[in-house]
Amino acid sequence: MSNDTALFLGQFLRAPSKIGAVAPSSRRLAANVCAPIPERGEPTVVELGPGTGPFTAEIQQRLAGRGHHLAVEVNDLMARLLAERFPAVDVAHADAAKLGDLLRERGLRQADVVVSGLPWAAFPEETQHELLRAVTSAMSPVAAFTTFSYVHAIPLSRARRFRSLLAERFEEVVPGRTVWRNPPPAFVFHARRPRP
């Protein structure tokens, strides 16, 4: 078992509703989730729930020194690890619900891309609404939002409610293909044009 996997498992066992995964995401899933990051310009990319950083590494590779990468992690241990591992990333140890404030504190107007590793299916309805409202309020009108769901969570009522909520909050929601080589298998949601 790798150090990251052991850390994830330990943190999951301590707070399963906040961590939501027993292992870090695979590179293949990271590539699918981070696909909307533009190849040019100076985008503001927000990453929610980066954990130990598999999506962070992919975002950094795609940005190659451009733009601003803000990673918001509520778990103190993981936030500190992430800051050490990725010194070029602006790591905020904070709740994703405070995203608007975090952007304002940094003089950033809006996010161009929001990449989410948050465990949406683990959250109660009120938390899902609060977080997605914070996300869409912080996005530019043409911004992209990506997140993923584990295949085994599809039938869960909280997962179904989150998919309905995505359709309410965005004009376009496109489910991606299943990434079978991820422990556990997952699929990606790409959403664009947040509704006001």
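I take helices (H or I, at least four residues) and strands (E, at least two) as DSSP runs, numbered from the N terminus. With that settled, I looked up Thr44 and found its place in strand S1 (residues 44-48).

**Ground rules.** I am working with a predicted model, in which local features need pLDDT of at least 70 and side-chain atom pairs count only at pLDDT 80 or more, while totals for chains, interfaces and linings use all residues. I number residues from 1 along each chain as its sequence is written, and I use heavy atoms for side-chain values, with hydrogens and water left out.

**Confidence.** I checked pLDDT, the predictor's confidence in each residue, from 0 to 100. The protein chain averages 88, and 87% of the residues score at least 70. Over residues 6-13 the pLDDT stays under 50, and for this stretch I note 23 contacts (heavy atoms within 4.5 Å) beyond four places in sequence. Residues 15-22 also have a pLDDT below 50, with 21 contacts in the model beyond near neighbours in sequence.

**Whole chain.** I count eight helices and seven strands in the protein chain. Of its 196 residues, 46% count as buried, where buried means under 20% relative accessible area, exposed over 50%, and partly exposed in between (1.4 Å probe, protein chains only). Among contacts between residues at least 6 apart in sequence, 68% join residues at least 24 apart.

**Thr44.** I find Thr44 buried, because its relative accessible area is 8%. Leaving aside neighbours within four places in sequence, Thr44 is in contact with His68, Leu103, Leu108, Gln110, Ala111, Asp112 and Val113.

**Asp90.** I then turned to Asp90, which is in strand S3 (residues 90-93). Its side chain makes a polar contact with the side chain of His68 at 2.9 Å; by polar contact I mean a pair of N or O atoms within 3.5 Å, where within protein one must be able to donate a hydrogen and the other to accept it, and residues adjacent in sequence count only if both atoms are side-chain atoms. Not counting residues up to four places away in sequence, Asp90 touches His68, His69, Leu70, Ala71 and Arg106.

**Strand pairing.** I treat two strands as paired if DSSP finds at least two bridges between them. Strand S5 (residues 139-150) and strand S7 (residues 186-194) run antiparallel and are joined by seven bridges, with Phe148 opposite Val188 in S7. Seven bridges also join strand S6 (residues 170-179) to S7, again antiparallel, and here Pro175 stands opposite Phe189 in S7. S6 and S7 form a hairpin with six residues between them.

**Cores.** I define a nonpolar core as a set of buried Ala, Val, Leu, Ile, Met, Phe, Trp, Tyr and Cys residues joined through side-chain atoms within 4.5 Å. The largest has 30 residues, and those with the most contacts inside it include Val46, Leu70, Trp120 and Phe145. Among the elements that give two or more residues to this core are S1, helix H6 (99-105), S5 and S7. Apart from it lies another core of 16 residues, among them Leu29, Cys34, Ile37 and Val115.
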